[in-house]
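User: I am new to this structure and would like to learn how to read its features. Could you guide me step by step?

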Amino acid sequence: MDQTEKLLMGIENVLSIAAELVDEVSRLKDVEEECRILKEKLFLKQFTLAEKEVFALALDGHSISEMQSILYKEENTIKAQRRSILQKLNASSMSEAIQQFKNIG
């Protein structure tokens, strides 16, 4: 076997290993995404359905008055749900609660 053949075999070996590494990186990215989704679900599991709706709207930047229009709820109801969310997260503001959620990933 001459040098050229050895070099080609070495290159083929490197390419094979590189392909395996690319596949593994892709798999790990998928696992990472699945973990992030599970963490988000676990984070949200502590809320009631109504609190999840309010929190989702808060994540989208909606004000209390906008939430009222979207959810057809009284202002006091939405405020109570927001307070409950803050209490469950031990957060002092909705901005802090949202940041906690964003820090999951």
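Analyst: Let us begin with contact, which here means heavy atoms within 4.5 Å. Please keep in mind that this is a predicted model. With that cut-off, Phe 55, Ala 58 and Leu 59 in helix 2 meet Met 94, Ala 97, Ile 98 and Phe 101 in helix 5. By class, this contact of helix 2 with helix 5 has seven nonpolar, no polar and no charged residues.

User: At roughly what angle do the axes of helix 2 and helix 5 cross?

Analyst: An angle of 65 to 115 degrees counts as roughly perpendicular. The axes of helix 2 and helix 5 cross at roughly 90 degrees and come within 10 Å. Helix 2 and helix 5 are therefore roughly perpendicular to each other.

User: Are helix 2 and helix 3 perpendicular or oblique to each other?

Analyst: The axes of helix 2 and helix 3 cross at roughly 130 degrees and come within 10 Å. Helix 2 and helix 3 are therefore oblique to each other, and their crossing is right-handed. On the helix 2 side, Glu 53, Val 54, Leu 57 and Ala 58 take part, and they meet Met 67, Ile 70 and Leu 71 in helix 3. This contact of helix 2 with helix 3 divides into six nonpolar, no polar and one charged residues.

User: How does helix 4 pack against helix 5?

Analyst: Helix 4 (residues 75–89) and helix 5 (residues 94–102) pack at an angle of about 55 degrees, and their axes are 10 Å apart. That angle makes helix 4 oblique to helix 5. The crossing in which helix 4 passes helix 5 is left-handed. In this contact, Arg 82, Ile 85, Leu 86 and Leu 89 of helix 4 meet Met 94, Ala 97 and Gln 100 of helix 5. The classes in the contact of helix 4 with helix 5 are five nonpolar, one polar and one charged residues.

User: Which residues of helix 4 are buried, and what covers them?

Analyst: An α-helix has 3.6 residues a turn, so residues three or four places apart point the same way. A residue is called buried when its relative accessible area is under 20%. In helix 4, the buried residues are Ile 78, Gln 81, Ser 84, Ile 85, Leu 86 and Leu 89. The cover over these buried residues includes helix 1 (3–45), helix 2 (49–59), helix 3 (64–71) and helix 5.

User: Why does the span of helix 4 agree with its number of residues?

Analyst: At 1.5 Å a residue, the 15 residues of helix 4 should span 21 Å, and its end C-alpha atoms are 21 Å apart, which agrees.

User: What is the phi of Tyr 72, and what is that of Asn 90?

Analyst: Most residues other than glycine have a negative phi. Tyr 72 is not a glycine, yet its phi is positive, about 55 degrees. Tyr 72 sits in the loop between helix 3 and helix 4, and with a relative accessible area of 75% it is exposed. Asn 90 also has a positive phi of about 55 degrees although it is not a glycine. Asn 90 follows helix 4 and lies in the loop between helix 4 and helix 5. At 68% relative accessibility, Asn 90 counts as exposed.

User: How far is Glu 75 from Phe 43 in sequence and in space?

Analyst: Glu 75 and Phe 43 are 32 residues apart in sequence and 25 Å apart in space, C-alpha to C-alpha. For Gln 68 and Asp 23, 45 residues apart along the chain, the C-alpha atoms are separated by 48 Å.

Methods: Residues are numbered from 1 along each chain as its sequence is written. This is a predicted model: local features need pLDDT of at least 70, side-chain atom pairs count only at pLDDT 80 or more; totals for chains, interfaces and linings use all residues. Side-chain values use heavy atoms; hydrogens and water are left out. Axes are lines fitted to C-alpha atoms, for helices over the stretch in contact, and angles run from 0 to 180 degrees between N-to-C directions. Helices (H or I, at least four residues) and strands (E, at least two) are DSSP runs, numbered from the N terminus. Angles under 35 degrees count as roughly parallel, over 145 as roughly antiparallel, 65 to 115 as roughly perpendicular and the rest as oblique. A crossing is left-handed if the near helix is turned anticlockwise from the far one by less than a right angle, and right-handed if clockwise. Ala, Val, Leu, Ile, Met, Phe, Trp, Tyr, Cys and Pro count as nonpolar, Asp, Glu, Lys and Arg as charged, and the others, Gly among them, as polar. The expected span of a helix is 1.5 Å times one less than its number of residues. Buried means under 20% relative accessible area, exposed over 50%, partly exposed in between (1.4 Å probe, protein chains only).
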